[in-house]
Amino acid sequence: AYSSLGTGRLLGNEDIKAVADKYGVSVPQLCYRYPLQKGHIILPKSVHEEYILANAELDFEISEADMATLDAIIIE
């Protein structure tokens, strides 16, 4: 998925943050996991080592209900 973070616009979304908090992950981690779970390939990018490492920590699964919530947000 290109621009999984919506060119930054998703980072400040409070609804997405609430879902991320539920899983104990950052908004970028949730935004990277979401397309992976839909079967897409993602290309996360960063020049900061801490973000590169965090981008690889996607070993959680988003529930079907939360995927539906995210679907509604992303499609808006």
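**View 1. Lys-17 and Asp-21, one helical turn apart.** Lys-17 and Asp-21 are 4 residues apart in helix 1 (residues 14–23), which means that about one helical turn separates them. Helices here are DSSP runs of H or I of at least four residues, numbered from the N terminus. The two side chains meet in a salt bridge, with N to O at 3.2 Å. A salt bridge is a side-chain nitrogen of Lys or Arg within 4 Å of a carboxyl oxygen of Asp or Glu. Lys-17 is partly exposed at 35% relative accessibility, and Asp-21 is partly exposed at 46%. Buried stands for under 20% relative accessible area, exposed for over 50%, and partly exposed for values in between (1.4 Å probe, protein chains only). The model is predicted: local features need pLDDT of at least 70, side-chain atom pairs count only at pLDDT 80 or more, and totals for chains, interfaces and linings use all residues. Residues are numbered from 1 along each chain as its sequence is written, and side-chain values use heavy atoms, with hydrogens and water left out.

**View 2. The salt bridge between Lys-22 and Asp-66.** The closest N and O atoms of Lys-22 and Asp-66 are 2.9 Å apart. This pair links distant parts of the chain, 44 residues apart: Lys-22 belongs to helix 1 and Asp-66 to helix 4 (residues 64–75). Lys-22 is exposed, at 56% relative accessibility, whereas Asp-66 is buried, at 8%.

**View 3. The salt bridge between Asp-71 and Lys-38.** The side chains of Asp-71 and Lys-38 form a salt bridge with N to O at 3.2 Å. Asp-71 lies in helix 4 and Lys-38 in the loop between helix 2 (27–37) and helix 3 (49–55), so distant parts of the chain, 33 residues apart, are linked. Asp-71 is partly exposed at 23% relative accessibility, as is Lys-38 at 39%. A search of the whole structure finds 3 salt bridges.

**View 4. The two faces and the ends of helix 1.** Ile-16, Val-19 and Ala-20 are the buried residues of helix 1. They lie on the same side of the helix because they cover an arc of only 100 degrees around the axis, taken from the directions from the helix axis to the C-beta atoms. The face turned away from this buried side carries the exposed residues Glu-14 and Lys-22. At the N-terminal end, Asn-13 caps helix 1, with a side-chain oxygen 2.8 Å from the backbone nitrogen of Asp-15. Gly-24 follows helix 1 and has a positive phi, near 70 degrees.

Key. Polar contact = N/O pair within 3.5 Å; in protein donor to acceptor, adjacent residues only side chain to side chain.
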